[in-house]
Amino acid sequence: MDKNYNNKEKTDLNEILAPYLRRWKYFVAIIFTMLLLGIFIIKSIAPVYKIQTSVLIKDAKKMSSASGDFGVLQSFGAFSGMGTNSIENELGVFSSKTIVEDVLKDNNFQISTYSKQRFSDLELYGTTNPYIINVIQEKKNIDLPKEPVYIKTKNNDVILSSKEWEKDIVTSFNTTTSLPFAVIMIRKNPNFQAPYKTDISKIYFNYSDFESTVNDFQEALTVDLLDKDGTIINISVDFQNKDKAKDFLNGLVRQYNIYAINDKNIESKKSKDFIDKRIALISNELGSVETQKEGFKSSNNIVDLPTEAKINLQLKEQSKTQLLEIGTQLELTKILQNSLDKKGSGDVLPLNIGLDNESAGKAIQEYNSLVLQRNKYLQEATPDNPLVKIANKQIEEMKSSLTESLQKNVISLQFARRKVESQLGESEQMIGKIPTQEKLFRSIERQQQIKENLYLLLLQKREEAAITMEITAEKARVIDKAFVFKKPVAPKKMIILGVCFLLGALIPFIFIYLKQLLQSTIINRSDLSKLTKLPVIAEIPKFKNRQNNLVAFNDVSPMAESFRIFVTNLRFLLQVKDTPQTILVTSSVKGEGKTFVSTNLSIILASSRDKVLVIGADIRNPQLQRYNPSMKAAKGLTEFLSGEITAIEEIIHPSGYNENCDFIYSGSIPPNPTDLLQNGKLDELLHSIKSQNKYKYIVLDTAPLLLVTDSFLIADKSDVIVFVTRSEVTEKSYIEFLNTSVEESKLKNVGIVLNGISDSNFGYGNKYGYGYQAEDKKWWQKFLGN
């Protein structure tokens, strides 16, 4: 079962591929034609090359203070968001319309000059262009020219011509010329060098307005990063003229650097101006703070607040110490006063008790000396002794003087104590003011420091901005100058040839596929096999125009062999019997070749020495006599059926091309063919012929089944029915009619013949023919007719 399935699958695949394989010559021819077309297209398209330059963008991803752009301001907290100099922005600058416009303004790209060539025209540019054409002024609201303008020179005259103009325009070099679309000036190129091996006899130019030119160049421009993590930019265009593309790319980089330098100077100048304004403002604010500080110190009598605080603290401590010392001296003085008052003339006063009064100490010492001297006198004399009295008097005087001195010392100490107490109060008051003063002073001092730092920073940034303005380094450093890739990017030869090859294969494929899809007629044997179970007993090839449509004796052509196979298969359908065999040949509609099949079938049957009689039973549309035009008016079946002729021998005629084959022609066309076929005369004719036992085969060439009922009327009189179909003529729906007729027993023992098959649709044997001895003629033999 698997083997049968595989065979079926293989058969189905063969059937699918067969229509395409049979027509392989179409594929070869169309593919070859399309490849020729592809070669012509390649030759007709001027080669386009890729031109590229590479630049390194400096500091594209970050903004440092030394970059010279917004770096000056970016170091300030308020301007930290202004650093937008990213590499993506630089890509946008290179591909912007503005930069392309500025580049084109410096180059004469609006007018493109060409030299007419056999295939693709050559663009002339630079030294290869004999003319320099400048656009002086564009004319507004004017349609652009669709046709080229040809340039011819005669002496100093310049002749311009175009298919769009009614007459030529004659001008001269170095003069303005008004054209319908612009005012131009044509000059001779002093550096002109004729291109190598190039015909420049026909030169023309194409004009485009400035805006369209900008758009074209912008669309042709490709800008991308060499590496997503780097800052190297590749800039490329696809141009026909290499030098023109180089000039454009180099101009693009040059213009970008001009932009960068101008932007840098503008931004640096703006930064410097801004800094100058801020310096003036900060200077005023700083002066105000200094004045405020000076006023604060003056109003509070402060030179240095920490020093003043330290001095007051020291003064406070000193005052306390002085008060303690003064109090001590005051108490000692009072003690001496009390002792002096209580002591008698003979008592000495205490000495060295810590009294800090030198005069009082000397007075006490002198007093004690007098007392001691008096006491010494009393030891040797009486109180009345003059010496004692003098000593007493001196003691009293000294005591009085000492008392006065001590009193003065008390007064002096009290005054000093009050002074020190006042000084202590002032110190304590100053110390109490220090926290408030320190807070206020620190606030003023902080403002001063902030203003001073900002002032110094601004001075530094102003110097940096001034230095930056003097630096004009290019922002885009050229890594690779504009260079040309060796291989052109267009035309893409392999792609064009591949597309042409693909189209060459698709065109016949689609044509054959659509033809198969829309095909409503039978083409080959497989179509019949799908539509009916009736046997296909023969495939008859389509005869050529110059080929004889009747087979000859000992004919070994494919057609003769196909009819021999037809006879062989037909005998399998015929029953073995001694009486003549009746073969009915019919079809669905006319034009399918049933008469052709009937005639050649009789010839092959007669070739084996068997007698064959062909009866033209299609009395509505007689066709049998066309193979023998001389018998066109011969009496035949119609006359016998109508009773005009009763003798059968009168309507039987020799075929003229085989002695064993006779014909009964249809005769004249009757007005009532159906009645004639049903009147019993046909049965009488067939019975009479069979009873003679002269003919082994009787072939009935009948009318088409779909058109009339004549064939159905005589179908039961046949031993086998040959249903003729024709390739590319018989509709597939006709086979359904045949199947229905067989199922309803209207037709029995039916074999199908497929007629008119072309060589490409033949089931087998299509290349070499059926005949083993048949020689397949070469194309030159067919052409020469040999």
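Modeller: Buried means under 20% relative accessible area. The model discussed here is predicted.

Colleague: Is K594 buried or exposed, and what is its relative accessible area?

Modeller: The cut-off for a buried residue is under 20% relative accessible area. K594 falls under that cut-off and is therefore buried, with a relative accessible area of 7%.

Colleague: Which residue forms a salt bridge with K594 at 3.6 Å, and how many residues apart in sequence are the parts that the pair ties together?

Modeller: The closest N and O atoms of K594 and D701 are 3.6 Å apart, and the two residues form a salt bridge. K594 belongs to helix α14 (residues 594-606) and D701 to strand β19 (residues 697-701), so the parts tied together are 107 residues apart in sequence. D701 is buried, at a relative accessible area of 2%. The partner of K594 is thus D701, and the separation is 107 residues.

Colleague: Which residue is linked with K594 and D701 in a network of salt bridges?

Modeller: Side chains of opposite charge can pair when their charged atoms come close. The network of salt bridges that holds K594 and D701 also includes D618.

Colleague: Where does D610, which meets K696 in a salt bridge, lie?

Modeller: The N to O distance between K696 and D610 is 3.8 Å. K696 is partly exposed at 41% relative accessible area, whereas D610 is buried at 16%. K696 lies in the loop between α17 (681-692) and β19, and D610 in the loop between α14 and β16 (612-616).

Conventions:
Residues are numbered from 1 along each chain as its sequence is written. This is a predicted model: local features need pLDDT of at least 70, side-chain atom pairs count only at pLDDT 80 or more; totals for chains, interfaces and linings use all residues. Side-chain values use heavy atoms; hydrogens and water are left out. A salt bridge is a side-chain nitrogen of Lys or Arg within 4 Å of a carboxyl oxygen of Asp or Glu. Helices (H or I, at least four residues) and strands (E, at least two) are DSSP runs, numbered from the N terminus. Buried means under 20% relative accessible area, exposed over 50%, partly exposed in between (1.4 Å probe, protein chains only).
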